[in-house]
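Open your viewer and keep the selection tool at hand. We will go from stop to stop.

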Amino acid sequence: MKKISSFLSITLLSLLMISCGEDDTKTKQSKTGGAMASNAAERVYVAPGEHDEFYAFISGGYSGNLTVYGLPSGRMLKEIPVFSQFPTSGYGYSEETKPMLNTSFGFVPWGDSHHPDISQTNGETDGRWVFINENNTPRIARISLETFETEEIIEVPHSAGNHSSSFVTENTEYVVAGTRFSVPYPQEDVAIENMKGNFKGPLTFIAVDDEGHMKIDFQLKMPGFNYDLSHPGRGDSHGWFFFTTYNTEEAHTLQEVNASQNDKDFIAAVNWKKIQEYVANGGGEEIDAEYAHNVYDHETHTATSTMMNKVLTVDPRDVEGAVYFMPTPKSPHGCDVDPSGEYIVGNGKLSTDLTVHSFSKMLKAIENKEFDGEAYGIPILNFESTLAGTVKEGGLGPLHTEFDGQGNAYTTFFISSEVVKWKLGTWEVLDRQPSYYSVGHLMIPGGNSRKPEGKYLISMNKITKDRYLPTGPELEHSAQLYDISGDKMELLLDFPTHGEPHYAAGISADKVKANSRKIYRLDENKHEYAALSEDDTKMVRNGNEVHIYMTTVRSHFSPDNLEGIKVGDKVYFHVTNLEQDFDVPHGFAMIGANTSELLIMPGQTKTVTWEPKKEGVWPFYCTDFCSALHQEMQGYVRVSGKNSNVPLKWTLDGE
Amino acid sequence: MGLAIAASLLLTSCKDNATSAEATSSTEEESVQVESNKGQAYIEDESETPNALRIALGSEDHTTLVTAVEAAEVQNALVNVGPLTVFAPTNAAFDALPEGTVEDLLKPENKEKLAYILTNHVAPSNYPIDMLEKNIKKGRTLYMASGENVEVSRDGEDILVGEARILGTVKASNGWVHIVDAVILPKNK
């Protein structure tokens, strides 16, 4: 306690000193800043009908989703359902999308999404896909930037707390998954106190093919530490991946104290190219595993879930020169690699300093065997040998760093609630701006690639308090937009975000918007139950299951009068939207359905089930104000008694 | 007739760029509005089935109608999500009106009257031929966007809307376009 308070007072003192030292420049800045501040509104103003310059894909945290924003306006453009059921569109409720949420634990309707990352080619964001990880039930999803829909989810076996994920290598060869909560490997019934030395923290390398499809290539059986965040090497360090660890103490209880005992934890440097070669040559051991691989097909408009039962595991000690530990102070959180690939930044979250390792020094230290012992057979490199520099007194509680491509880095400090700009190579602090409040992650479009687009930075804050009109005890989190094109950062805009954004990924709108789909083509619709014209509509009974092949077009359902349904039936409404016009969705809602509505895009088929419990005549209707005659877009289902003999009959306009 | 329209549609799709460029430049002169605030009529539309406005723009037989639509500034109504059914009088249909009528209607002071006449040619909802035939059978009139009800009847093989004879039909992305040989004059104005 004493130690902490003296540490705090030193920091506070140094902060005071810093602000004294900067008094002069600050006044100057506020003079010019005054004029600039007055046009802040202009600089984030996107005139009605105009488009934003950047897309920002912001993690939805415990919403399980991904939100799409425009920058600099801060306008939310879409919420994309990923790991959670989403009644708005029927995702996770419709028969076609329920398989997307299938796991080895069965149907999991919710997830905790974390770190979106855009696919890269030659180390630059390429606008094909966004990957995002789920922390709670370890999974990685791939979202298409043509359809802005989740196309694939792969579960990560033998893992728990998939946090150091879902970052991609510079040609999207791999997307990685980690283990924040080490566990028995494979799972078994053991006493928790046996954790130390027995639990493992596997790092999983998932290969991505040209179509984006994911396949687990290998799983690296690492010691049972907590793997927190990661980033790939780029440029010269391409072929390596770096993971921060904490709790190298391997504490299994009261970690807020017990996991902070070691002065330094590690950044694990993994030479994945070496391991890739090793497994390609037959290395590794295939072990039992159980994990779901869920793929959505845009032609059948249907997802399939396949249970996989094997995974290739690699013991890092079996591949010489593949894995090293770099000591890094104070339970590092963010693990960020600069655009050149030379600097690996460890954000020691209980420190005031940032530790920067040098990739070239690391290679030299490996060559010269400058080791400082080993951990479970993995060599620990000498701290001084890999150290490039230290950013001193950056602030309190560094979490995460991004880059502007101009030789500068920007780090968030949670405890001192600020964003700090510093210079790569000299490690001097250039600027600091408060965030409101307690910033977690930050994002510069392309800021974790070889080519950052260093015009704006957004900070994603954990605490909101009084930033907006109060909405009771529960508040949305706040984000701030800074202009970073000048010497000093300028705060331009403050906007609420959805869920808890743990990270975001940004990209020039020009790289994405031309590819955005407008409709699904009806002539490509291969859904098993599609009715591609009104002539194809019908009702088919199969025992107590009744399948209704239904269509929508402005402004009616076909059929819109249905008879012959009985109490106790399970009714499948397979609704095809016959529209082939941009932005003409139709909705479908059935009174008393224990599922959700459907929102069906042009050319798409979706299915919802309904189990009528009462006799009567029950209406359904279109939920999306589709047209001038939307209010007329409705129909009736007649439900007869269990033992009735009313024949199946489906009509539109009496025919 | 139907074939001729289909042929002109094919031509339209080839000429698309030229047409939309013209449309843009003419409105730029009229206003200093933000480019994208001109309305739905100017959204780039890639769907294979053109909307009712694009069908009219692409037809050589409907230049008078297009002129009238532009003069009355009802373009956006023709690209609305609809659904709508447009009865499109040919140039000959306009020529058949008493001499001077069209010129008179195109004068700025008659814009409202012109718009009323044009909306008397638009029925909200989808009315393909078989639906019009059903209307005749069931004695249902057509409710036009002008607010007037127009009778549908049969004359031999032909279908009449008011006094106007349907010459051909084209499916539009936002409804249907029936080519007619006469202007459907409103009863009220």
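The tour below moves from domains to cores, then to a sheet, a strand and a single residue.

**Before you start**

This is a predicted model, in which local features need pLDDT of at least 70 and side-chain atom pairs count only at pLDDT 80 or more, while totals for chains, interfaces and linings use all residues. Residues are numbered from 1 along each chain as its sequence is written, and chains are lettered from A and ligands numbered from 1 in the order in which they are written.

**Stop 1: the domains of chain A**

Select residues 39-515 of chain A for domain 1, then 522-651 for domain 2. These bounds come from an automatic or database domain assignment. The centres of the two domains, taken over C-alpha atoms, are 42 Å apart. Now look at where they meet. Twelve residues of domain 1 of chain A are in contact with 16 residues of domain 2 of chain A. Contact means that C-beta atoms, placed from the backbone, lie within 7 Å. On the domain 1 side, two of the touching residues are nonpolar, seven polar and three charged. Here Ala, Val, Leu, Ile, Met, Phe, Trp, Tyr, Cys and Pro count as nonpolar, Asp, Glu, Lys and Arg as charged, and the others, Gly among them, as polar.

**Stop 2: the cores**

Which residues have the most contacts inside the largest nonpolar core? Select A56(A), V130(A), I206(A), V270(A), L457(A) and I458(A); this core has 110 residues. A nonpolar core is a set of buried Ala, Val, Leu, Ile, Met, Phe, Trp, Tyr and Cys residues joined through C-beta atoms within 7 Å. Buried means 20 or more other C-beta atoms within 10 Å of a residue's own, exposed means 12 or fewer, and partly exposed lies in between, with C-beta atoms placed from the backbone.

Zoom in on I458(A). Not counting residues up to four places away in sequence, its contacts include A56(A), L71(A), L442(A) and A504(A). Apart from this core lies another of 44 residues, among them L78(B) and L160(B).

**Stop 3: a sheet in chain A**

Switch to a cartoon view. Nine strands of chain A form an open sheet with mixed pairing, in the order β6-β7-β8-β9-β16-β17-β12-β11-β10. Strands are DSSP runs of E, at least two residues long, and helices are runs of H or I, at least four, both numbered from the N terminus. Two strands pair if DSSP finds at least two bridges between them.

Find the edges: β6 (117-121) and β10 (174-177) of chain A each have a single partner strand, so one side of each is left without a neighbour in the sheet. Next, select β16 (residues 285-297) and β17 (residues 302-314) of chain A, an antiparallel pair with eleven bridges. Here D297(A) stands opposite T302(A).

**Stop 4: an enclosed strand in chain B**

Move to strand β1 (residues 84-89) of chain B. Six of its six residues are buried, so β1 is largely enclosed by the rest of the structure. L84(B), V86(B) and A88(B) lie on one side, with T85(B), F87(B) and P89(B) on the other. Strand β8 (residues 175-180) of chain B runs parallel to β1(B), joined by six bridges. L84(B) faces G175(B) there. Strand β2 (residues 122-124) of chain B runs antiparallel to β1(B), with three bridges. T85(B) has A123(B) as its bridge partner.

**Last stop: K78(A)**

Is K78(A) buried or exposed? K78(A) is exposed, with 11 other C-beta atoms within 10 Å. You will find K78(A) in strand β3 (residues 75-80) of chain A. Leaving aside neighbours within four places in sequence, K78(A) is in contact with V68(A) and F148(A).

Terms used:
Contact = placed C-beta atoms within 7 Å.
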